[in-house]
Amino acid sequence: MRFVSPLLMLLLAILNDCGCKRMWEHELLEAHVYSSDESKLKLNLYVSRVGRDLVGFSGTVDWNFDADNEAMLEMGFYRSASGNDYRPMPFSISKKYFKDYKTLYDDIIYINLKDCSNLPQIEGDYLIPWPRNLYTFNNCNFHKGVLPEVVAEGMYKTVFAFFGEVNWNVTFIFYVRPKLF
């Protein structure tokens with residue numbers, strides 16, 4: 001009976017370590033930006049590397065316009081085995097109103113970028129009005145929040161496209177590999 005407790009503790013430790021954890025890691029390779037009007041929205045994002053292991057993106061976003069209720073956002077996720085022929089992933093999000101991205105902002109964007117940027121925590125149910133500001137990013141990466149547990153190894157491209165008074169997009173290209181334990 002005295003062995004039951006240590007065996008139970010070991011079993012619980014093993015089960016805790018195996019469940020609901022991301023089984024992949026990624027390395028950001030490229031960042032590309034576009035703005036249709038740099039006087040209203042100027043994007044300057046680039047891949048930054050600190051040492052051997054820490055890779056992220058840095059730069060600024062100078063937001064100088066008021067997004068209205070008609071502004072839309074689309075998020076595309078694409079995968080390629082070779083880096084040449086990217087195919088859409090099922091978790092891409094088709095174009096919808098920017099104001100309605102509040103849950104996505106809270107669960108993925110803000111949780112990943114709050115410690116490396118000055119992005120605001122938005123109160124309420126909508127992202128409108130988005131505050132005008134010079135937003136800074138310092139070696140940011142997406143490694144927290146609601147992300148898939150398993151994805152195939154390969155090259156991935158993520159495109160955030162905004163449609164409204166100013167059309168803009170940000171594209172990240174990264175390599176995904178199985179996580180080494």
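Author: Before we start, one definition: buried means under 20% relative accessible area, exposed means over 50%, and partly exposed is what lies in between, with a 1.4 Å probe and protein chains only. This is a predicted model, in which local features need pLDDT of at least 70 and side-chain atom pairs count only at pLDDT 80 or more, while totals for chains, interfaces and linings use all residues. Residues are numbered from 1 along each chain as its sequence is written, and side-chain values use heavy atoms, with hydrogens and water left out.

Reader: Okay, which residues in H2 are buried?

Author: In H2, the buried ones are Lys102, Leu104, Tyr105, Ile108, Ile109, Tyr110, Asn112 and Leu113. Helices (H or I, at least four residues) and strands (E, at least two) are DSSP runs here, numbered from the N terminus.

Reader: Why do they line one face of the helix?

Author: Looking down the axis of H2, the buried residues fall within an arc of 170°, so they line one face of the helix; the arc is that of the directions from the helix axis to the C-beta atoms. As background, an α-helix has 3.6 residues a turn, so residues three or four places apart point the same way.

Reader: And what do the buried residues of H2 pack against?

Author: They pack against S3, S4, strand S6 (93–97) and S7, where contact means heavy atoms within 4.5 Å.

Reader: Which side chain does Ser58 have a polar contact with?

Author: The side chains of Ser58 and Ser48 are joined by a polar contact of 2.8 Å. A polar contact is a pair of N or O atoms within 3.5 Å; within protein, one must be able to donate a hydrogen and the other to accept it, and residues adjacent in sequence count only if both atoms are side-chain atoms.

Reader: Switching topic, how many disulfides does a search of the whole structure find?

Author: The search finds 1 disulfide, meaning a pair of cysteine sulfur atoms within 2.5 Å. Cys116 is joined to Cys140, with an S to S distance of 2.1 Å.

Reader: Are Cys116 and Cys140 buried or exposed?

Author: Cys116 is buried at a relative accessible area of 17%, and Cys140 counts as buried at 1%.

Reader: Now charges; how many salt bridges does the count come to?

Author: The count comes to 6 salt bridges, each being a side-chain nitrogen of Lys or Arg within 4 Å of a carboxyl oxygen of Asp or Glu. One of them is formed by Arg177 with Glu27, where the closest N and O atoms are 3.9 Å apart. Arg177 lies in strand S9 (residues 168–178) and Glu27 in strand S1, so this pair ties together parts that are 150 residues apart in sequence.

Reader: What about Lys40 and its salt bridge?

Author: Lys40 forms a salt bridge with Glu165, and the closest N and O atoms are 2.8 Å apart. That pair also links distant parts of the chain, since Lys40 is in the loop between S1 and strand S2 (41–50) and Glu165 in the loop between strand S8 (154–163) and S9, 125 residues apart. Both ends are partly exposed, with Lys40 at 27% and Glu165 at 47%.
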